[in-house]
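I hope they are handy to read with the structure open beside you.

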Amino acid sequence: MKKIGIIGGGQLARMMILAGTPLGLSFVVLDPSADACAMKLCDNIVAKYDDLDALKALSAQVDIITFDFENVPAGTLEQLDAIIYPPICALATAQDRILEKSLFQGLNIPTPAFAAIESLDDLEAAFVRIGFPAILKTRCLGYDGKGQARITDAKEGPAAFAALGGKGLILEECIDFTFEVSMIAARNQNGETVYYPLIKNKHQQGVLHLAEAPFQDDALFNEAKVYMNALLNKLDYIGVLTIEFFVKDAQLIVNEIAPRVHNSGHLTIEAAITSQFENHLRAILNWPLGATKMLKPAAMLNFIGEMPEETPYLSINDSHYHDYGKEPRIGRKVGHCTILADDLDALALKTPIFFKV
């Protein structure tokens, strides 16, 4: 029996465990919180992510290590004598928005204009080049809309600069996009690669609110596939990789990558032949990858802050309600519900029910 170590015990780890258990896999999770929602499902180690002794103890127990979010310290992982996928270089790149955007530029992948910001002089010069509105972000550790500020006038710059720490920042062009899509792919050590259909995403306050798939646009899918392959090859990538895109004027502009399974792909649990979670495990173990064809169109609604009463959602035909077992907290992802429909027209009629229950 193969044993997988997961650094991070959130809902993504939980879903990997649920996908891997039927495959005969066992798991050990490391997380600083003893009540992290994945910890209830397997053996666990309660320790900080940069606790090298604890990470060594984890690696001694397992065959391979993966992670469920990208803020695991890459420098600490480099000190382990362990097989780690996705590769640490991908993790380190995704942790730093300057490295990430520079990677995109080097591969000729369209990206918003950006500038590294270490001083107010840097910021003023970047305003001249990039213009307004613009987004000032921390280079590292921001996610789900955290660690960023929208700036519409140069006068707002000093306050935003100070609020975000005054160094280690990036200013990005604010793209006037039509909508956002994500592409999820899995690649194993043999180079076998599979792609899920594009997923259309809607956000509220920087957090994914609703995801719908498949988004059917062959030109955009093929364009996304080219960019995905460029990144997979450059990073020598193993596992699931997600790219988030802005769509503007029927063209893709990359926003960011996630070197892991992704929130928008939760709908693959019920809607695809093989979920993103199972394919991630297959990929890191170098097993054959599963088919990604969608069985039915699907929409997924995130539950943020607290779980709603389940009965109204379960009353929707072909719905699937997921409670992560987390304590309620403002802004926290605590669960989701996915609904399936026979075709896209039926899904369009069904999705508004989410907002009425």
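1. Let me start at a helix end. Asp 51 caps the N-terminal end of H2, with a side-chain oxygen 3.2 Å from the backbone nitrogen of Asp 53. A polar contact here is a pair of N or O atoms within 3.5 Å; within protein, one must be able to donate a hydrogen and the other to accept it, and residues adjacent in sequence count only if both atoms are side-chain atoms. Helices (H or I, at least four residues) and strands (E, at least two) are DSSP runs, numbered from the N terminus.

2. A word on the basis of these notes. This is a predicted model, in which local features need pLDDT of at least 70 and side-chain atom pairs count only at pLDDT 80 or more, while totals for chains, interfaces and linings use all residues. Residues are numbered from 1 along each chain as its sequence is written, and side-chain values use heavy atoms, with hydrogens and water left out.

3. Which residues of H2 are buried? In this helix (residues 52-61) they are Ala 54, Leu 55, Leu 58 and Ser 59. Seen down the axis of H2, these buried residues fall within an arc of 140°, so they line one face of the helix; the arc is that of the directions from the helix axis to the C-beta atoms. Asp 53 and Ala 60, on the other side of H2, are exposed. Buried means under 20% relative accessible area, exposed over 50%, and partly exposed in between (1.4 Å probe, protein chains only). The cover over the buried residues of H2 includes strands E1 (3-7), E2 (26-31), E3 (43-46) and E4 (64-67), together with helix H3 (74-77).

4. Asp 68 deserves a look, in the loop between E4 and H3. Asp 68 is buried yet has no salt bridge, and the nearest side chain of opposite charge, Arg 260, is 7.2 Å away. For charge, Lys and Arg count as positive and Asp and Glu as negative, with His and the chain ends not counted. A salt bridge is a side-chain nitrogen of Lys or Arg within 4 Å of a carboxyl oxygen of Asp or Glu. What does the side chain of Asp 68 have at 2.9 Å from one of its polar atoms? That is the backbone nitrogen of Gly 10. Leaving out residues up to four places away in sequence, Asp 68 touches several residues, among them Ile 6, Gly 9, Leu 12 and Met 16, where contact means heavy atoms within 4.5 Å.

5. Arg 260 does have a partner: its side chain meets that of Glu 70 in a salt bridge (2.4 Å, N to O). Glu 70 lies in the loop between E4 and H3 and Arg 260 in the loop between strand E14 (251-258) and helix H9 (268-271), so the pair ties together parts that are 190 residues apart in sequence. Both Glu 70 and Arg 260 are buried.

6. The structure holds eight salt bridges. One of them joins Lys 296 and Asp 342 (3.4 Å, N to O). Lys 296 sits in the loop between helix H10 (276-284) and strand E15 (298-304) and Asp 342 in the loop between strand E17 (333-340) and helix H12 (344-350), so this pair ties together parts that are 46 residues apart in sequence. Lys 296 counts as partly exposed at 27% relative accessibility, and Asp 342 as exposed at 64%. Lys 101, Lys 137 and Glu 172 are linked in a network of salt bridges.

7. How many disulfides does the structure hold? The count is zero, a disulfide being a pair of cysteine sulfur atoms within 2.5 Å. For Cys 42, the nearest cysteine sulfur is that of Cys 37, 11 Å away. Cys 42 is buried, with a relative accessible area of 17%.

8. Lastly, some backbone geometry to check. Most residues other than glycine have a negative phi, and most peptide bonds are trans. The peptide bond from Tyr 85 to Pro 86 is cis, with omega near -5°, and the one from Phe 132 to Pro 133 is cis, with omega near -5°. Gln 205 has a positive phi of about 55° although it is not a glycine. Gln 205 lies in the loop between strand E11 (199-204) and strand E12 (207-213) and is exposed, with a relative accessible area of 81%.
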